[in-house]
Amino acid sequence: MASTASTDALPESVGFIGLGAMGKPMAANLAKALPRGSQLHVHDAALAQVQELWTSFPDVVVRCWSAQEVAEASDVVITMLPEGAHVKSVYLDPTTGVIAALSSSPSRPKLFIDSSTIDTASSLHVKQELSAVSATASFYDAPVSGGVLGAENGTIAFFLGCSPSDRNIARLNALLQTMGAKVVPCGGPSLGLAAKLSNNYLSGIITIACAEAMDMGMRAGIDARVLAAVFAAGTAQNTICDVFNPVPGVCGRAPSSNGYRGGFRVQLMRKDIGLAVDMARTVGARNVLGASGLGVYVAASAAADCRDLDSRVVYRYLGGRENWEHDQEEQIAKAGETR
C-alpha cells in the first residue's frame with residue numbers, strides 16, 4: 001500500500017502522461033491521494049484509457065489532448081511511457097510536446113518526473129534540452145519496480161535519479177509516496193535508470209533460472225508448491241518465486257495463474273535486458289549471462305504462444321508443464337483404481 005504523504009506537501013495541479021498497464025493504476029492512486037480541490041491533468045495516445053480514468057475520478061481528472069496541454073496546466077508532470085522514442089516525442093516535440101509549453105512560459109517553475117524505463121542517453125538528452133529552454137525546469141528519471149500488481153497496490157519502488165540532498169527531494173518524496181512504498185535516491189541524473197536496468201537484468205535472469213529450476217524439480221517428481229516452499233526456505237529464496245512464480249497455480253495472483261495475462265510483457269523484458277546489456281558494454285562490465293538471457297527473451301517475444309504475455313511466460317517457452325495440477329489429479333485417480 002502506498003505510504004501516506006502529507007497533503008500539504010502535494011501540488012494542487014499535477015499532470016500524468018502514459019496510462020498503460022503500469023501508468024493507469026499509478027495515476028489512479030495519485031488521484032485518490034491528491035488534496036480536495038486538486039486537479040490531475042492526464043493524456044494518453046489511447047483515448048479510451050483517458051476516458052476510463054476520468055469516469056472513475058470525474059472531480060479530479062482533467063482530460064488533455066496533448067503533452068503540451070498537460071504541461072501548461074500542471075506544476076508537476078509525471079510520465080510513464082514504453083520506450084525512449086516515446087519519451088523524446090512527448091517531451092521534445094516542438095508543437096505538441098512538453099518543450100512547447102516551456103517555450104511559451106520559460107520562467108514558470110516546473111517539475112518533471114519520468115518513470116519510463118529507457119536508455120540513460122535518451123534521459124540525459126531530454127534533461128539537457130529542457131534545461132536549455134527553461135532554467136526553472138527540473139527533470140528527474142524515476143523508473144519503478146514492482147510490476148502491475150505493485151502499481152495497483154501502491155507498493156512499487158521508485159529509483160530516483162538524484163542525491164538524498166537534492167533541493168526537490170521533499171516534494172519528490174511526498175508525490176511519489178502516493179503511488180509507491182519506497183523512494184530510493186540513486187545519486188544523480190540517469191542513475192535511477194542505471195539502477196533500474198541493473199535490477200531488471202537480475203530479475204529477468206532470475207525468472208529464467210526459476211522457470212528452469214521449477215521445471216527440473218517437477219519433472220523429478222516434486223509437487224510445484226512444495227518446490228516453491230523449498231526455495232522460499234532455502235538460499236534460492238527470491239521474489240519471482242514467491243510472488244510471480246512462473247508455474248501456473250503456485251501463486252494465485254501471479255499472471256501465470258491467469259494465462260500469463262497482465263503483468264510485465266515479455267517484449268518489455270526483452271527491451272530492458274537489451275538496454276542493460278548495452279549499458280554493461282558501455283561501462284565495461286562483463287555479463288556472462290547477458291547474451292543467453294537476452295536470447296531467451298528475444299525468442300519468447302517472437303513465439304506466437306508467448307508474445308504479448310507476461311515475461312514469466314518463459315516457463316512455457318522452455319517447455320514447462322502448465323497443467324501439472326490436472327496431471328497430478330489423473331495420477332492419483334489412476335493409483336486409486338489399481339488398488
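Q: In which helix does Lys196 lie?
A: This is a predicted model in which local features need pLDDT of at least 70 and side-chain atom pairs count only at pLDDT 80 or more, whereas totals for chains, interfaces and linings use all residues. Residues are numbered from 1 along each chain as its sequence is written, and side-chain values use heavy atoms, with hydrogens and water left out. An unreviewed UniProt entry places the feature "active site" at Lys196, its positions being given in the numbering used here, with feature names shortened and annotations that may be inferred rather than shown by experiment. Helices (H or I, at least four residues) and strands (E, at least two) are DSSP runs numbered from the N terminus, and the run of residues 191-219 that holds Lys196 is helix 9.

Q: Does Lys196 count as buried or exposed?
A: The classes rest on relative accessible area, with buried under 20%, exposed over 50% and partly exposed in between (1.4 Å probe, protein chains only). Lys196 has a relative accessibility of 4%, and therefore counts as buried.

Q: Leaving aside its neighbours within four places in sequence, which residues is Lys196 in contact with?
A: Contact is taken here as heavy atoms within 4.5 Å. With the sequence neighbours within four places set aside, the partners of Lys196 are Thr117, Pro143, Val144 and Phe159.

Q: How many disulfides does a search of the whole structure find?
A: A disulfide requires a pair of cysteine sulfur atoms within 2.5 Å. The sulfur nearest to that of Cys306 belongs to Cys210 and is 16 Å away, and Cys306 itself is buried, with a relative accessible area of 0%. Over the whole structure, the number of disulfides found is zero.

Q: How many aromatic pairs are found in the whole structure?
A: Rings of Phe, Tyr and Trp (its six-membered ring) pair if their centres lie within 6.5 Å, and planes under 30 degrees apart count as stacked, over 60 as edge-to-face and the rest as tilted. The search of the whole structure returns a count of two.

Q: What kind of pair do the rings of Tyr91 and Phe112 form?
A: Tyr91 in helix 4 (residues 84-92) and Phe112 in strand 5 (residues 110-114) are 21 residues apart, and both are buried. Their ring centres are 6.0 Å apart and their planes stand at 80 degrees, so the pair is edge-to-face.

Q: How many residues apart in sequence are the parts that Tyr91 and Phe139 tie together?
A: The ring centres of Tyr91 and Phe139 are 5.3 Å apart with planes at 85 degrees, so this pair is edge-to-face. Tyr91, Phe112 and Phe139 form one aromatic cluster. Since Tyr91 lies in helix 4 and Phe139 in strand 6 (residues 137-141), the separation in sequence is 48 residues.

Q: The charged end of which residue sits over the ring of Trp54?
A: A charge sits over a ring if NZ of Lys or CZ of Arg is within 6 Å of the ring centre and within 35 degrees of the ring normal. Over Trp54, at 3.7 Å from the ring centre, sits the charged end of Arg63.
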